[in-house]
Amino acid sequence: MNFLEGLNDKQREAVLHTEGPLLILAGAGSGKTRVLTHKIAYMIEEKGVFPGNILAITFTNKAANEMKERVRSLVGDKIDDIWIGTFHSICARILRRDIDKIGYNRSFVIYDTDDQKTVIKECIKEKNLNTETFKEKSILSTISSLKDTMVKPDSYINENYGDYYKRNIGELYALYEEKLKKNNALDFDDLILKAVELLSKKPEILEYYQKKFRYIYVDEYQDTNGTQYELVHLLSQRYKNLCVVGDDDQCVVEGSKIATVNGDISVEELKECNKIYSAAGKGEILEGTIEKIMKKRYEGPVIKIKTKSGKIIKTTPNHIMFGKLNPEPGVYYVYLMYRLDKGYRIGMTQGVRSRDKEIVNGLMVRLNQEHGDKAWIIRTCKSKQEAVFYEQLFSLKYQIPTCCYHAVGRNLTMDQKHIDRLFEGIDTRNNVVKLMDDLLLFEEYPHHRANAIIRGQSIRRIVNLSFFSGKKSGIESGWYSHKICFNTSGENLKERFIDSGFPTRNGNRETWRVETERVGYDEAVDYVKKIEALDANIEVVKRARLTEDNYFNYIPASHIRPNMSIPVYENGKIVEDIVSETSVEEYSGFVYDISVPNFRQYVCEDIVVHNSIYGWRGADIGNILNFERDFPNTKIIKLEQNYRSTKNILNVANSVIRNNNERKDKALWTTNKEGNPIGINMTFDEREESSLVAEKIMELTDEGKCRYRDFAILYRTNAQSRNFEEVFMRRNIPYRIVGGLKFYDRKEVKDIIAYLRLIQNPLDDVSLKRIINVPKRGIGNVTLEKVAKHAQGKGESLYSTLLDIEDVQGLSQRAMNNLKKFTDMINKYIAMSQVMGLKDFIEEVVYGTGYIKELEEENSVESTSRIENLKEFISVAVDFEMQNVDGNLEDFLANVSLLSDTDKTADVNEAVTMMTVHSAKGLEFPVVFLVGMEEGLFPIARAIDSESELEEERRLCYVAITRAEEQLFISYANMRTIYGSTTYSVPSRFLKEIPLEYVETNDKNKEMTKKDVIVKEFTRRDTKAPDLKDNKDEVKVGSKVRHKLWGVGTVVQLKDKGMDTEVVVAFEDKGLKKLLLSIAPIEVI
């Protein structure tokens, strides 16, 4: 097997470097796991290394398991001799063998969090300490931090003897350790700490493991803490064949002066624990303490920035600084703009413009006019002629158009149709990569970003993280706290936030928000990361209020432009200065950065700069920054991203998008292999489609070709997920929904289920409370509390109390009227549930409660999606009726409860991903299933009569296809029940645009007759044809018919349904039922 095949140059270089220390700097998606696994396989198979001489350490069990699976696929059973695991699992294995050498029994137990809390409670009680002051969680967190840095209880007590609180923490730490030792127990942190102690105290054991582990690999090395670093350092000292993977860095050049309490000192002369000056917020400064210093050799460009007051700083291009755009007369910007649906364009604008009678920066106005998402300033020019020159130069050099995104309100020669064709014909997303590389631009740091918006198909949610802008609350109220503000809309997202423990508050016009402050800098960043993880459309904007009046955005040094404001240090305060010029110089020498806890910035050459060293959860970034010092002759390799779809997939995508208005034939290309043909599968209905997908996933995972996380199911609307979710639950296939909730967790679905539960069981107080004011009907919390208090006093249910609402004291006449309307409605539904068919009844509840009407009036993207979900819930009833002909509402709710309970498994990373095509933008998966490719569904029905909307649907199809890296399966159904209705389907027009040479299809006949559908229906269900007379041609309104299971009924309505006829029959015991005449097991009598 060729272990270098499929690797790019940098990846191949990393695999081949087997002897000596190696530092791999890898960004997200750069294939580092592939490099490590192929490196291990190469060592074993090509270099003849014994597998037992290899140690590979990860930070999570998931990563360890993934690495094991990948290595096993390369070397087979030899994997069993390799030690692959987390720091804790590796150390536990070492301790099980030799912990008796340091006074423990080998049968030690590992205490979990609950066990730790029990022990620390005992300690607090024995020490007779105030439990309000000494809280278990806080104490255990401190103990964990001390263990991470290998601080013993006695040392901590001696260092803090004069501090009552800290001294007692130290004594609790000592007592806690005594109790663990007495119980022959270790906590989680002890696993590494005791392993280090064992190796340090017992040279013969250290020698054994040093000889054993000749080759050591560590992932996420920048996240290692003190004990983890010490473990790796001890084990690797004999052979020094240590390969670590980490992140790149950002620094200032040697000789840069840092403002300290003892005056300006060159960065290379600083020592850890030196006191330096940092901005504390609102123009104030405080003393910060240097925690770590990073030094490294660097060759490459540096940015030189000079201000009008004469301050000069030189730094690596990616070093984060603070900057603010100003409305600057007399200058012109050449800019790069991005819009999600179009791509990139280059343009020019004045430095100052007027908007709403306010003077603002010209870039802001241009972005707003173009409805763009973000923009970067490429160059600042002193004249319009110079700006035009650079606009044309950059456009021609990098093949990025200068044309505006839309023609509205402009006297343009091109109309919108041709503008769209232009952006479709040029691959700006690919072309911009070279521009950004050449001009040292970073995509994640635009100079200006559009505001949050939820309108039409546009969703942009912004979290504003404003450092040093809140109350004075830092150490002894020294620095200002950090404000976090997230203002948005959407009930589903709100529920997710509430479920995740975030405090939400209602705002104006259906909006809601999260507003909070955090004292700690790292704490604020961590809090925002948790928010960001809840929705794919959330973006974070970071800024800092460093001067008295102004906020400054976080921005790389290479993005600083003339005439921007930056914060500087003058006369004991942080004030604003203007950049006069910037330039790029080549540099060869040492570069530095320092870590300043609590502030994460410092003053360098009298300019405030961000520090890029962090210490997350005890991690010490200095471990990676000092790697070259600790391991001389280190080789450094920076991996480059190299993921592309196969040629077949790109050919299919190009074939589809080429149909957009004779689009210029400029196609994506790849050097990858041809790949598998695209699978196009015809299915009978949506259930067969979901089963087909599930079977294919199980087939590929059983064969060991794929993991669950490799698969994505893409659909046009959220409502389509339901069938796949139910099939996956039945087959125990883990899945997760991206950009939304699982079907039975969606608010609107839970609301309707609550209605049905209340109708089935009026004693259900929980369901009543959920929906009594949904949709809004003027029944508030105060009213409900009065009813609940009365019900509790009488020992009755809420609904029983509502039936005698006049007995409840303190209610206004308006409140009683609203409550009576509610009980009248529920009573009506209780009666209707006894006589109506299940599907019709649920449809009546969905519409009759006013739920749909309220959502229609909201008229937003989210409300449209929620309406689709409610209609899809009606499809649940249709499916249930077809499979349970005698089922009633009680049976239906029991079935739904079973499904939703099964669905309560937590999302896991090792799971199939389900999402809409819109949510998939920017993501890639080895295997993609593009489902529901039918006219009216994809393209969506509302787009079929509009050429521009149809082209947007085709662009979405293009996006969906190019999400697949290796395999793509497309499917469509001949008949689909969706939104409560069953209709025959026509394959999507986009399928006809795919050349047959790239596909494999199961659609041999291409067309299916109505007779074929009927035959396949009964074949698929394994249902015997009913023994009834074939006289359905005689059916008319008023006919008496006999059903195989439901007995005798009367036909009350006939309705055309495309190629079929829907017949509504009133059965004597079963109420009204709707049937498709072609397949209904009935006869006329």
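Here are legends for a few close-up views of this predicted model.

Some ground rules come before the views. Residues are numbered from 1 along each chain as its sequence is written, and side-chain values use heavy atoms, with hydrogens and water left out. Since this is a predicted model, local features need pLDDT of at least 70 and side-chain atom pairs count only at pLDDT 80 or more, while totals for chains, interfaces and linings use all residues.

View 1. Helices (H or I, at least four residues) and strands (E, at least two) are DSSP runs, numbered from the N terminus. Of the chain's 1085 residues, 54% count as buried; that word means under 20% relative accessible area, with exposed over 50% and partly exposed in between (1.4 Å probe, protein chains only). Take the contacts with a separation of 6 or more: 70% of them come from residues 24 or more positions apart. Contact here means heavy atoms within 4.5 Å.

**View 2. Tyr405 sits in the loop between α13 (384-398) and α14 (416-425).** Tyr405 is buried, with a relative accessible area of 0%. Setting aside neighbours within four places in sequence, its contacts include Met337, Tyr338, Glu370, Ile419 and Phe423. The Tyr405 side chain also reaches the backbone oxygen of Gly343 at 2.7 Å. Arg345 is 60 residues away along the chain, yet its C-alpha atom and that of Tyr405 are separated by 8.2 Å.

**View 3. Helix α9 (residues 188-201) meets helix α10 (residues 203-212).** Two packed helices are described by the angle between their axes and the distance between the axes. In this pair the axes come within 5 Å and cross at roughly 105 degrees. Such axes are lines fitted to C-alpha atoms, for helices over the stretch in contact, with angles running from 0 to 180 degrees between N-to-C directions. That makes α9 and α10 roughly perpendicular, a label for 65 to 115 degrees (under 35 is roughly parallel, over 145 roughly antiparallel, the rest oblique). On the α9 side are Leu198, Leu199 and Lys201, which meet Pro203, Ile205, Leu206 and Tyr209 in α10.

**View 4. The cysteines go without disulfides: the structure holds zero.** A disulfide is counted as a pair of cysteine sulfur atoms within 2.5 Å. For Cys403, the nearest cysteine sulfur is that of Cys404, 6.0 Å away. Cys403 is buried, with a relative accessible area of 13%, whereas Cys273 is exposed at 57%.

Conventions: Polar contact = N/O pair within 3.5 Å; in protein donor to acceptor, adjacent residues only side chain to side chain.
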